[in-house]
Amino acid sequence: MKHEKIRIPDLARMKSARRPIAMLTAYDYPFARIFDLAGIDVLLVGDSLAMVERGEENTLAVTIDEIVYHTRAVARARKRALLIADMPFLSYQIAPEDALRNAGRLIKEGGAEAVKLEGGIAIAETVRRLTAVDIPVMGHVGLTPQSVHRMGGHRVQGRKRGGAPGCRERLAEDALALEAAGAFAVVVEGVPGSLGREIAARLRIPAIGIGAGSDLDGQVLVMHDMLGLSETFIPRFAKPFAALWKEASGAAQAYLREVRERTFPALEHCYPETNDPVSRQVANED
Ligand code: KIV
């Protein structure tokens, strides 16, 4: 399975076979290439790029042009993984026509194979319109970062009971509404593990968790959290599988030291004056 192209129906097959789906965000060519070669099933060009790539406080400022730009870079790197692009805040909420146009750009210009939208019952009609013209949609319920102001921050959802947005019963209904509208999978973010489990069990389509416990059909992490590429904050649900911040910082300090000491560049990094084959070989020119 590792080397075969992952397509949308494969995710349903993985759910049936109880084979967990591994998804990561990616925003550029080199990391997308690394993740694709490692066998990650799904790459998401998330609007989280506002926070992890640009240092903003939330995801709201991202534009469709920016997601198209990053999606193109990831699309060039990716051979096997399914590629999904996030629809940014207000690129799909104003009118279904906007949603169609913007989702179309992510697919035609960006090279995405599917789009992801945040919300449940409130966006079900838009999901229906997109899937009716064969634009595959992944939903996203629970802690939906585009609702940061309503939630009063990036807060765990589904702890209160009831039918209001963010409450436990409502979140399950939101996920079911997305499935009924034609979504092929749903991200469930920032909810207690028991709710993550309940949503995955009630849905026929795959439920992919982030901070939603271990009993879902797959997991997704923001690549910076997975790689230890953040300066300080690592959310409770994330596990750094590497320490790239520390590694990169050490490399920058070593470079700085060698430039100051004039030990870099060494002879082998300099172009020789003569053009003879031995000198060219030493200088790594060929
Ligand atoms: O934007 C993003 O990175 C996401 C993931 C957290 C699922 O939506």
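Axes are lines fitted to C-alpha atoms, for helices over the stretch in contact, and the angles between them run from 0 to 180 degrees in N-to-C directions. In this predicted model, the axes of helix α4 (residues 64–77) and helix α5 (residues 96–108) come within 9 Å of each other and cross at roughly 20°. Because angles under 35 degrees count as roughly parallel, α4 is roughly parallel to α5, and the crossing of the two is right-handed. On the α4 side the contact involves Ile64, Asp65, Ile67, Val68 and Thr71, which meet Asn102, Arg105 and Leu106 of α5.

Ala124, Val127, Arg128 and Thr131 of α6 make the contact with Ala177, Leu178, Ala180 and Ala181 of α8. The residues of the contact of α6 with α8 comprise 6 nonpolar, 1 polar and 1 charged.

The cysteines are a separate topic. A search of the whole structure finds 0 disulfides. The table gives the accessibility of two cysteines.

| Residue | Relative accessibility | Class |
|---|---|---|
| Cys167 | 10% relative accessibility | buried |
| Cys270 | 34% relative accessibility | partly exposed |

Cys167 counts as buried because its value of 10% falls under the 20% cut-off for relative accessible area.

How values were computed: Residues numbered from 1 in each chain as written. Predicted model: local features only at pLDDT ≥ 70, side-chain atom pairs only at ≥ 80, totals over all residues. Heavy atoms only, no water. Disulfide = S-S within 2.5 Å. Buried < 20%, exposed > 50% of the residue type's maximum accessible area, 1.4 Å probe, protein only. Contact = heavy atoms within 4.5 Å. Helix = DSSP H or I, 4+ residues; strand = E, 2+ residues; numbered from the N terminus. Nonpolar A, V, L, I, M, F, W, Y, C, P; charged D, E, K, R; others polar. Parallel < 35°, antiparallel > 145°, perpendicular 65-115°, else oblique. Left-handed = near helix turned anticlockwise from the far one by under 90°.
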